[in-house]
Amino acid sequence: MGTNFYTPFQKFWNNSATTPATYSGIEIVASMNNTTVLITPRTDITGHLANASFSVVLNAGQTYSARDVNVSAATSLAGSIVSSNKPIAITLFDGQLIQSTCSDMIGDQLIPTPSIGTDYTIYKGTSTHDRIYVLATQNASTIEVTGVSTSTTLINSSETLEIPMTEDILYIKSSKPVYVYHVSGFGCELSAAVVPSINCKGNNNMAFSRSSSDSLGVVLVTRAGFEGNFYLNGSSGIITPGMFQPVPGTMGQYTAARIFFSTAEIPVNSHNMIVNLSDIFTMATITGGGTTSGASYAFNTDFYATAYSNAGLDDTVCANVSYTLYGGVGGGAVTGAWSSNGYGSFQNGLTSVPNVYVPSPLDTLISPIRIILSTTGFCPVAKDTMYLEITPAPLVNANVDQSICENNAVIQLNGIVGGGAATGTWSSNGSGMFLPNANTLNADYVPSASDITSGAIQFILTSTNAASCAAVTDTMNAVFTAAAVVEAGPDTLIVCANNANVSLSGTVSGQTNTGLWSTSGSGIFSPNNSSLNTTYIPSVADTTAGFVWIYLESTSNGNCLPVQDSIYVSISDGPRVDAGPNQLKCSNAVQVQLNGSVTGVGFSAVWSGGFGTYTPSVNALNAIYTPTATEISNGSVVLTLTSTNNGTCNVVSDAIQINFVAPPFANFSGTNVCEGLPTVFTDFSLPGSGTLTNWAWRFQTGQTSTTQNPSHTYSLPGTYPVELIVTNSNGCKDTVSISVSLYDKPVADFTSANSCPNNQVTVAFTDASTSSETINYWFYDFGGQGSAALANVSQQFASGGTYTITHIVSTVNGCSDTIIIPVVIDPLPDAGFFYNSNGGMNIGAVFNFIDTSDYAVSYSWNFGDGSTSNTMNPSHTYYGNGNYYIVLQITNALGCVDSAIRFVAINTVTTEINTLIPTIISPNGDSSNDVWKLEFLKLGYPNAHVEIYNEWGQTIFTSDGYDTPWDGTYKGEPVPDGNYMFVIQLNANAEPDIYKGVLMVLRKRD
């Protein structure tokens, strides 16, 4: 990315006419918000004319496309200028260029003007159509093109020089920085790339990949002499010097190679790396040869590479030690030169990059000195500086010789190390020991016996840790002299702690005859500690310790250490008696466990005091003492333990007092509760002496509690013993056990039976509750209809409905239970009916009675003429005139009854049979008058005999009784329309009442 660009374009191939239309263009992408881009196109673009500058504002990620409106190469965007106030990226694009039978798009990402150069090497592709486009960025730019021959052209800013390429390698040299755009390809397929300059541009390693089996090649350009340092994927011998050719016009400084790789050398889908161990190089990849894949051409090179120098890290060296320099140069530079502001010299000359600097003593005066490595050659000079601290050489002084007394043989060393070192190490010709170690300058040297016997020893101090400085040494000599002789007396004395005074008589001889007594203890010397003959009186601390050291030490020793002799005084312990601590005992647990002790070898003890008994005896240190009742009543007793077998030691005794205190009194109460409720325990214990501190409850069920007033829930009814152990602050205990009861809870229940005595709804409630204890209380709430406190009770209900019945029972122990059950009461029946008649008031008229009652399950009808029915909706026929009272009585499910009555008056019943016999039927299947109806026969004359004849006297219908009316057929076939004779005999077995007449059958109507 950059801020200033000139755009090189090809000017040979026209864009094809396609749908959608293709184009050539400049694609601009902003990297930051509010980026202003100034564009001067050299041909007309969409929305803007040629050479008319304009600007656009882009935000990060936004793209502006400047598209050529013409497809002709003659009006190319070559030489257009793009600048911006913030970094942008530009891509060149040429769409659908026709070459022979191929049609391709070409383009590349553009580099900004600071990255272009003046020296370029171009290696021709495999096509015969390679063209080079050189774009000037400044006026009066001289372009020199060298191949087999050399040509020179002068172009100005934004002008393009087109170079058809016929030779394999061309070298382009310009007087001012230019862009070089190379259109190459593979066969007739085109591709293009912006070419990097070769003056100090490139990398030491570059990667590339192979994505298909198409031909794959690389173009390498490097300086002469470094062709043999290439490695492909870590292997040498694949890219060899023989593959390279000199670049013409560079006077042998550069060589180039175009190398194609088989799929065996570079497999498909492989990632590859080319490395040059000695110099940078430029590299382009060329692919193509596929039937549909086209060609690609791109440089993998760093367009910004520059020479670099590395003098090395800052360091420190001693002034008398040479320093090895490990600097390096690269990035186009292969040689360098050293320089410095110091007074030293470079051992291998100034131009040897690996080198050695030899410091001068004067360098310490200006330390740190600067050592500079600069690149040399035709690339821009790069410099790097390291700072070298020059430290002075060390100075060593072992100090003056010493004279040492044999009994003060530890030699105090006082070495000095300065200058370029601060530490040193001691060595000697003796066999003694340096303390704390030989690296301590003021160490003590402890000579061995052989050192003292030899009479003298020599010490050498050598500097250490002086970086790279050379070690420096210095020597000191020591000689040994004799010491005094002291005798304090016998080595060991034994005294008793009760008679511990020690008589002393010491001697001092040799260079001195005076001495001084001292002790490890805190006793005193009598008359004093400067008399060789004196007495030591041990202190209590001495006797407590059991021993004391007494020392006689020489005085006036000169340069020798005092000589000392010692006596170890063992002070054997007198008897130590401990009767134990005073004890508090509970008056309800009075046996006293004694735990006396006697220390000291061979001593024993005996108990005395009190009027009780010692078990097993008074000689047992851990005897059990049983006090008398009087001692308990008195509240205390004192016992004494006295030492025996004392020898020369004084008798020792110790006393213990036993105090008797009152124990607590355990007591509590517990509630007797019903099943499901917690039992609450209340502590009523008394502390006795002290205060109550602990309550231990045991509830028989295996559960416990330590609270003062706990509660506990038992799962099953019964009687449970509860134990309480209380403890007071003196450790005394008391126990009590009390039983509590858990009463069984009853289970409330009842049954009910509904009835309707005297036509009044009554429910009989019967208690069905259960309990293991006697139930002595019952209560019913009838849901707003009253209540009763009986076990079994009957209750009347005024109306039907659902009533919530609450039943409560309680036992003699006050445990209760409640059950709520809804009871459904059927409503009282409500009788009602109406009637109708569709036969008029003639004989045989049928009356239909329709029930309108509520809550009925059975029916009883009385029709007023002696006839009855128990169906819900009956029918009835009246055969005579009169007033009839119809009564309906209904009953509900409980047996409650209700009745309704209606009045029917009949006064138009006829006695003429002839008027009841129809004389025409129309049996045409329309459900109207299809049969010859004689309803009065079925009602009044069920045994009547009926016959029908046709006009020839043939009987076509006969019937005894008339349950099935005649339908106008004979033997299943319809009879013809016409008149038919009928004979009706009403009473077949009595005096015959015979009715005769004519019946017309007429199916069709005009």
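Is Thr 727 buried or exposed? Thr 727 is buried, at a relative accessible area of 8% (buried means under 20% relative accessible area, exposed over 50%, and partly exposed in between, with a 1.4 Å probe and protein chains only).

## What we're looking at

This is a predicted model, where local features need pLDDT of at least 70, side-chain atom pairs count only at pLDDT 80 or more, and totals for chains, interfaces and linings use all residues. Residues are numbered from 1 along each chain as its sequence is written, and side-chain values use heavy atoms, with hydrogens and water left out.

## Overall build

The protein has five helices and 87 strands (helices are DSSP runs of H or I with at least four residues, strands are runs of E with at least two, and both are numbered from the N terminus). The radius of gyration is 69 Å, well over the 30 Å that the globule rule gives for 1006 residues, so the protein is more spread out than a compact globule. That radius is taken over C-alpha atoms, and the globule rule is 2.2 Å times the number of residues to the power 0.38.

Along the principal axes, the C-alpha atoms fill a box of roughly 190 × 140 × 50 Å. Buried residues account for 42% of the 1006 residues. Back to Thr 727: its place is in strand S65 (residues 718-728). The C-alpha atoms of Thr 727 and Ile 266 are separated by 95 Å, and the two residues sit 461 residues apart along the chain.

## The five-strand sheet

Five strands make an open sheet with mixed pairing, in the order S81-S87-S86-S82-S83 (two strands pair if DSSP finds at least two bridges between them). Strand S81 (920-921) and strand S83 (955-960) are the edge strands, and each pairs on one side only.

Strand S82 (residues 945-949) runs antiparallel to S83, and five bridges join them. Across this pair, Val 946 stands opposite Ser 959, and Glu 947 stands opposite Thr 958. The hairpin of S82 and S83 has five residues between the strands, and there Gly 953 takes a positive phi near 85°.

## The four-strand sheet

Another open sheet, also with mixed pairing, has four strands in the order S51-S58-S57-S54. Strand S51 (583-586) and strand S54 (604-608) stand at its edges with a single partner strand each, so one side of each is left without a neighbour in the sheet. From one strand to the next the twist averages 25° (axes are lines fitted to C-alpha atoms, for helices over the stretch in contact, and angles run from 0 to 180 degrees between N-to-C directions).

Inside this sheet, strand S57 (residues 636-644) and strand S58 (residues 653-661) run antiparallel and are joined by seven bridges. Thr 640 stands opposite Ala 655 in S58.

## Strand S39 and its partners

Strand S39 (residues 456-464) is joined by six bridges to strand S36 (residues 423-428), and the two run antiparallel. Here Ser 427 has Ile 460 in S39 as its bridge partner.

S39 also runs antiparallel to strand S40 (residues 473-481), with seven bridges joining them. In that pairing, the bridge partner of Thr 462 is Thr 473.

Most residues other than glycine have a negative phi, and most peptide bonds are trans. The peptide bond from Thr 19 to Pro 20 is cis, with omega near -5°, and Pro 20 lies in the loop between strand S1 (2-7) and strand S2 (24-30). Leu 435 and Pro 436 are joined by a cis peptide bond too, with omega about 0°; Pro 436 is in the loop between strand S37 (433-435) and strand S38 (444-446).

Ser 100 lies in the loop between strand S6 (80-99) and strand S7 (102-110), and is exposed, with a relative accessible area of 56%. Lys 971 has a positive phi near 55°. Lys 971 is in the loop between strand S84 (969-970) and strand S85 (973-974), and counts as exposed at 72% relative accessibility.
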